[in-house]
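Dear colleague,

I am handing over the structure below, and my notes on its side chains follow it.

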Amino acid sequence: MSSLRNVVDRRVHRERAQPKERQRLGLLEKHKDYSLRAKDFNKKKAQLRALRQKAADRNEDEFYFGMMSRNGPGNVLSQGKRWRGTVNGDRGNKVMDNDTVRLLKTQDVGYVRTVRNAALKEVKALEERVLGLGGSLDAPNGGDFDDDDEEEFGEPKNTKPKKIVFTEGVEERDELIQQETNKEVDGGEDIDMEEDDAEEKPEALRAEQRQKFLEKLQRRLQNARKKLRILARTEQELELQRAKMSKTPTSGNGVTKSGKKFKVRERKR
């Protein structure tokens, strides 16, 4: 039967053509063409959505070493149509408005004020301990607490530099080790003699320890006062910045860029 079916002429099913009045639009789109086009469109849409999310979640303060060697904005002559007037690798940080910056300044002032209060309590506690030991609140060695020096807090520690000794053989090395050992033994004997003297004079030893502890407290007090002074000056500067950033002058006095002093009038109560 299959052979007879092939003998009979059958109608040829052709694809629908584009009507004559629409031939200017090109070939008629079939369903398989639409499926491919829709799949490509959805793929690109998902990719754009992922890129937008990645751009929204990026860290604006992120740093790469490639930023150190990036080129400048260039010009139209060198880049032609590719010129956009921006720096290659620019992070595009947005400038915050004045109100937001003023709010952040308020938070900074609150933090500095909290740290300053803690430093003030530390200074008072150290002053009480120094006075309890019979010491003076003045700076040791005739110094001044109010010196605006940029040195680090505390005195530098005197560390003895290490010395490397090179020997020509094992025998010379052993000899040097023996000499160092003998020096340590002699030093230990001297320490034992000092301990015996200290046992004989316990009152003198306690007085010496008391004096060392007092000097240590005075150094801590000096550093705490220096820290308190820096925090107070920082708080005052932040308050002045907030006052200048307000829409209308509210409080405080200041100096303009040209050096002219101004005073804000207080509101009548």
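Lys212 is exposed, its relative accessible area being 52% (exposed means over 50%, buried under 20% and partly exposed in between, with a 1.4 Å probe and protein chains only). This is a predicted model, in which local features need pLDDT of at least 70 and side-chain atom pairs count only at pLDDT 80 or more, while totals for chains, interfaces and linings use all residues. Residues are numbered from 1 along each chain as its sequence is written, and side-chain values use heavy atoms, with hydrogens and water left out.

Lys212 pairs with Glu208 in a salt bridge whose closest N and O atoms are 3.7 Å apart, where a salt bridge is a side-chain nitrogen of Lys or Arg within 4 Å of a carboxyl oxygen of Asp or Glu. Both residues lie in helix H6, four residues apart, about one turn of the helix; helices are DSSP runs of H or I with at least four residues, numbered from the N terminus.

The count of salt bridges comes to eight. In one of them, Arg116 and Glu235 approach to 2.6 Å between the closest N and O atoms; Arg116 lies in helix H4 and Glu235 in helix H6, so the pair ties together parts 119 residues apart in sequence. Glu235 counts as buried, at 10% relative accessibility.

Best regards

Technical notes: Helices (H or I, at least four residues) and strands (E, at least two) are DSSP runs, numbered from the N terminus.
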